[in-house]
Each structure stands twice: as C-alpha cells, then as structure tokens.
Amino acid sequence: MPHALLVSGSLGQGHDVMALACADSLRARGWTTRTVDAMALLGHSAGPAGEAVFRRMLDLPGLYDAFHFAALRPGARLALLADGAAGRRLVPRLRDLLDRERPDLVVSVFATATSAVNRLRRDRPGLRHLVLCTDVTPHRLWVQEETDLFLVTSQVAACAVRRYRPEAPVAVVPAPLREAFYRPPTRAAARAELGVPQEGPCVLLMSGSWGLGPLARTADSLAAAGPHVLAVAGRNTGLEERLRAVQARQPRVHTFGHTDRVPTLMAAADLVVTSSGDTCSEARALGRRLLLLDVVQGHGRDNLQHELELGHADVVSARPREVVRSALAALGREAPAPSAGASPGAWQSAFSEVLDRVGLAGVAG
C-alpha cells in the first residue's frame, strides 16, 4: 500500500485540520498515512521554546507584524537564520522518519518543515512533496525550490507563491473542511441539542485554539445585550475558567473548552465572531455571517482583509464594547448562502487532480 507522511505543526489547530483532511482523502484512496508534529520534532526544549517565543510576539503589539512583514515576507536574513536553525534540528529526525516510514509522498502543512523535507528528498528521487498553505499570502519560508506542487486556496495566494518562485507549480483548491462540516445539523436540531431557544439571536464567540483576546469580558457584555453566546475557549484553560465564572452569573453564556462540537455550535448560531483563519471557511460552508476580531498579527491581517473582500463579513477590534456594538449590527444584516465550493466532492475532485499532477493518482490499488 502507498504511504504518506504528513508534517503538521502545533501552533494553533489549523495545521492539524489541514493534515487531517489530506490524510482522510489519501486513506479513502487506499493509502496509509502518519501525521507528525514539526514542533515536537524540534525536541523537548526547542519545540516549547519556539511556541513560547511565538506567543510572546503575538502578545506584544506590533512585534509579530514587524517580524512577518519585515523578515518572513521578504525572506530577510533573520527569517532565513531562524529557518536554518530549525532545519538543523529537524533534518536528522525527519531523516530517521523517512528511513523508517519510506513514504511515497510527504505533505507539509507547516512552513518550518518545508525546507527540511526538501533537503532530504534530494537523495530520494521517487519521493513527492506537496505543500498545503491556506494563508492568503504564504511567506518566503513556505516556498522552496524542490517542492513538487503548492496547494493554495485562492488566486491571491498563488500569486504570493510565484513572487518567490515565478515558475512554481500551483494548484488552487477548495479549503478542505473537517468531515462534520459537510453534514452539519439543522439550526433547529443544533439549538435543541445545546439548550438554546429556537427564537432569538445566538452568537458563536471563539478566537482560535489559544483563545486570543478578552473573550470572557466580551461574552459577558454580549449576553447582557440580549443574544445567547456560545463561547469557546479552545485549549486556553485559564480562559475556560473565566468563561465558566461568567456563565455562573449570566445564563445566556454557554461555555465550551477544547471541543469537537464546533459544527453544531456554528449551526446553532446566527453570527460567528472569530479571528481570521480556517474557521472562516467553516462558517461560510454553513452560510453564517462573520465578525472578525483583529487580534492575529502578520499573516492574520492579510487573511482578515481577504475575508472582508469575500463578503458577508465585518471587522472589529477586540474591545468588548466595540464587539457588542458590531455584533448587534451584524445580526441585522443578510447572511450568505452556504458556500458552493464547500462540498466533499469539490475537495476530493481537486485532490485527485493534485495527485495526478505529481504522478500519484494511480498508485493505490
């Protein structure tokens, strides 16, 4: 059986979702797969240290903007040095993985892995390497010379790839979704399951797996203004505790930690308040209007602008009073129809074409 290695990264949940979508599609075609975390491969000290640095840059206003726009996007020396340092740790560990797993295909959904994979594949001429990036402007470290094919989700992203490699092979594909988003419950069924009244407004409030921004105060203020609020803390345990404290005094707040029920939560809501990212594609798949929190610097600002251009979305700062005002206004605006491209058939068809382009469409029996 053909085998694929998927290289993800544990900075947020979006990379893992993309890896899972690829793995599901490959397994449906008779492949075996394994997904590994590039941050874990960096080692017990370097991986957590890298995550801590990234979190700290996001916490300091303007710092990650500076690093992204002045270093990552142009591929400045600082970015290349950081990539080289990560590569020196990743290469020996990835070499061991490739020797043990002997994959036919590697799919990188995390920028830190791409150069290390390409360095190793030079001695493995039969190995194919795909890169999947859902950012609207992939930065320099995503785009390496030896990659066989770049998978992006917009024409703008295709242009961003060709900024660094003008002749790059690029496929524009639908944003892959978790399976449950292709068959969500009805609004009525979702509300009944969650204990939310069938009538009246309901808002889903979330901000990535890290729960960025003052979500507890925002949930409190939103619920006080009338809507039921489905508040998701993600992996942020401190935020979950604060949300549960709000819920204890405000019955219209419904708190969730790290949960796989987001399709149900989204189906129950009239409006999705979130940071820019792959959640936006999920909301559009269900026909939900977006209110975007401007809390993710760097690539997050690019993604936010692209979501606004796609329509049925508004933007607001993370200050609770402003979120409430914008959310109440957005609840009175037209919601979009479910995205026409958000079907398993659209993604599966595009993925089949991708495998064909790299000579792997007929590998499975």
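Reader: Where do Y64 and F67 sit relative to each other in helix α4?
Author: This is a predicted model. In it, Y64 and F67 lie three residues apart in helix α4 (residues 63–72), so about one helical turn separates them.
Reader: And what kind of aromatic pair do Y64 and F67 form?
Author: A tilted one. The ring centres are 6.4 Å apart, with 45° between the planes.
Reader: Is Y64 buried or exposed?
Author: Y64 is buried, at a relative accessible area of 6%.
Reader: How many aromatic pairs does the structure hold?
Author: Two. W347 and F351 make up a pair whose planes are at 35°, so that pair is tilted. Their ring centres are 5.3 Å apart.
Reader: Where are W347 and F351?
Author: In helix α15 (residues 344–357), four residues apart. That again means about one helical turn between W347 and F351.
Reader: Are W347 and F351 buried or exposed?
Author: W347 is buried, with a relative accessible area of 3%. F351 is buried too, at 0%.
Reader: New topic. At what angle do the axes of α9 and α10 cross?
Author: Roughly 20°, and the axes come within 9 Å. That angle is under 35 degrees, so α9 is roughly parallel to α10. The crossing is right-handed.
Reader: Which residues meet there?
Author: From α9, L215, A216, A219 and D220. From α10, L239, R242, L243, V246 and R249.
Reader: How many of those are nonpolar, polar or charged?
Author: Six are nonpolar, three are charged, and none are polar.

Key. Residues numbered from 1 in each chain as written. Predicted model: local features only at pLDDT ≥ 70, side-chain atom pairs only at ≥ 80, totals over all residues. Heavy atoms only, no water. Phe/Tyr/Trp six-rings, centres within 6.5 Å; stacked < 30°, edge-to-face > 60°. Helix = DSSP H or I, 4+ residues; strand = E, 2+ residues; numbered from the N terminus. Buried < 20%, exposed > 50% of the residue type's maximum accessible area, 1.4 Å probe, protein only. Axes fitted to C-alpha atoms, helices over the stretch in contact; angles between N-to-C directions. Parallel < 35°, antiparallel > 145°, perpendicular 65-115°, else oblique. Left-handed = near helix turned anticlockwise from the far one by under 90°. Contact = heavy atoms within 4.5 Å. Nonpolar A, V, L, I, M, F, W, Y, C, P; charged D, E, K, R; others polar.
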